Amino acid sequence: MLPRANLTGLDVMPGMVYFIMVTSLLFFLYGAEEARGEQRWYQLELVRTLPGFTGNRLGKLLFWMLLTGIFYLIFFTAVVLYILEVHGSETIHEVPHALLYTVLCWWAPFFLSAVLGYVLYSLTSSLYSYVLIALAWFLIMPYNAMVLGDIVPKEVTGWLIVGDPNIELVMGIYDMESQRVNRGFFIQRAVAAVVIIGAYTGLTWTRPVRQFALVCMAGALILPVFSPYVPYLTDEGWSVYSYAPAAPIDEKELQYSVDHVYMKITHGKSNHDLSYRYEADLEAENGTISFALWDDFEVKEVMLGDKRIAYTQQEDLLTLKLPSREGRLKLTAATQTYESVGPHFAELPSVLPWYPMHPAEALDPYHSGRKERYRIEVTGSESSQIHTNLSPAGKGVWEGQAYGPTIFYGEYVEDGGLLRPAFVSQKAAVRTHNAHKLIVQEARSRLAETAELPGRGVIMTTINEFSANPDEYFTSPDSISLTLDVLFLAQPPYASSDFHQRIMLFIDLYSGDIENTQISFYEDVYGQAFMEQLREQYVPLPDEEKERLIRKWYNETQGLLTPEQVLEDLKHAGS
């Protein structure tokens, strides 16, 4: 990514990984040549016999630090000055992040590669040294994770890489983590530095120093096992979608209500770590109730009052066996896999069951939303970077009435009723909002419906679908899909391909896409016979008649349209 056409902002720094890898290889070879030159002229043996041996060895390390540091500063300064000259006002606030990121992911690999190249050549002093150098270079560079991602677990490759171990994930998946140095980065660089410099020390110094270096290296190698922070992000291979249970839920399990909810949320700032304690006043009509809750949030304990109660958690449903019909419900849950949480961000919208939700509300938060009183306490995150739909009630505490708690942590900006990631411009956010607004206005006019776009909009980076309750809507930066579905159409009681197909038939007729004869997809979905009749009887109709039919189908089915009903109504169309 060196061509200047690609240098559009400081956010491109992670994309320059291949240049950094090649440069690191050159420093590997430079370190090897340093060792080869010493051996050719017997410099090490000579220095050992002279005063100042320790200073000579430390001086070599400092010289390598200085050499690689100068190279890094020249290159970094050139890139930054070019970007600021062209895109200055938009990217200057990113310079501190870029500086810290590149020190750890550019300069650290340069310096440690030179030291490791010296060590590896000193150990073998032959052509085989270059084989070891190539292997070591591959193992500690980000390319390691790209190639071995499906073979070696991230828990291993993430600690080996002296660079950015998340290079594939921060560009387009975890945008909020791009150029953000998590605490695991510092621990990994410290481990790498102690091991590599320890090897250099053990190779060149006398026995007492060598023994101390070996002890330090052993301690450093053990540290990743006990470290509460990791440098890597695991890719769970899925995106956040709307909730739909795998099977119908017994209506008796839905007859309950909660209020006066208290949540204490702890953000782990490592990978996808997040945990919380949930408490609520519960009133139930039956002894068994069910909450919607993503399986990613593993429930650790459930109590009603001071009694532990039995529960089952499967297929995004938490079912409780109650000893009594009312009381203070308490549960603890934690996740290490939820995609909407990272070391530097958390996207926890009120419309998704990251917290225990009533299944009816989780299925259709816009039409079945329930307002409760909440008091939320968040630890592990800076209060200044937390955005919520509740009112401040002290440092790290928020409370108020809401259709569930919305908690966003990270570099977000709230302006004009829109909450957006800092890298999304206000102009782009307004454009997305207006696109949703136009869809709603058109649907209100065509369907004679009163649904409205909620007043507060939130742009998420980890959601692929539009979702909303009466107060807030949530969408991705580049998508305006499902606005019609969520606000106007019926929602599935459970994951059903038949339900989805019926909704899609209405949407295809509403949008007019089904009239496109160039798309063979519809024949595969609805059948060739149906499509032939549709094109013969529906397509030639006047626009006014089509609009009448669409409104009729909406009023009668809320979008749950079948091909049989379409054909039946077409028999009387125009009469």
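Buried means under 20% relative accessible area, exposed over 50%, and partly exposed in between (1.4 Å probe, protein chains only). The model is predicted: local features need pLDDT of at least 70, side-chain atom pairs count only at pLDDT 80 or more, and totals for chains, interfaces and linings use all residues. Residues are numbered from 1 along each chain as its sequence is written, and side-chain values use heavy atoms, with hydrogens and water left out.

**Exercise 1. Describe the salt bridge between Glu33 and Arg36.**

Step 1. A salt bridge is a side-chain nitrogen of Lys or Arg within 4 Å of a carboxyl oxygen of Asp or Glu.
Step 2. Check the distance. The closest N and O atoms of Glu33 and Arg36 are 3.0 Å apart.
Step 3. Helices (H or I, at least four residues) and strands (E, at least two) are DSSP runs, numbered from the N terminus.
Step 4. Glu33 is partly exposed, at 37% relative accessible area. Arg36 is partly exposed too, at 30%.

**Exercise 2. Which parts of the chain does the Arg373 and Asp259 pair link?**

Step 1. Confirm the bridge. The side chains of Arg373 and Asp259 meet at 2.7 Å, N to O.
Step 2. Locate the partners. Arg373 lies in strand S11 (residues 372-379) and Asp259 in strand S1 (residues 256-267). They are 114 residues apart, so the pair links distant parts of the chain.
Step 3. Arg373 is partly exposed, at 38% relative accessibility.
Step 4. Look for a network. Salt bridges that share partners join Arg277, Glu279, Asp281 and Arg328. The structure holds 23 salt bridges.

**Exercise 3. Characterise the setting of Asp316.**

Step 1. Locate it. Asp316 is in the loop between strand S6 (311-314) and strand S7 (317-321).
Step 2. Check the backbone. Asp316 has a positive phi of about 60 degrees, although it is not a glycine.
Step 3. Check charge. Asp316 is buried yet has no salt bridge. The nearest side chain of opposite charge, Lys300, is 15 Å away. Here Lys and Arg count as positive and Asp and Glu as negative; His and the chain ends are not counted.
Step 4. List contacts (heavy atoms within 4.5 Å). Leaving aside neighbours within four places in sequence, Asp316 touches residues including Tyr243, Phe291 and Trp294.

**Exercise 4. Is Ala448 buried or exposed?**

Step 1. Locate Ala448: the loop between helix H11 (426-447) and strand S18 (456-459).
Step 2. Read the area. Ala448 is exposed, at 56%.
Step 3. Check phi. Ala448 has a positive value of about 55 degrees, although it is not a glycine.
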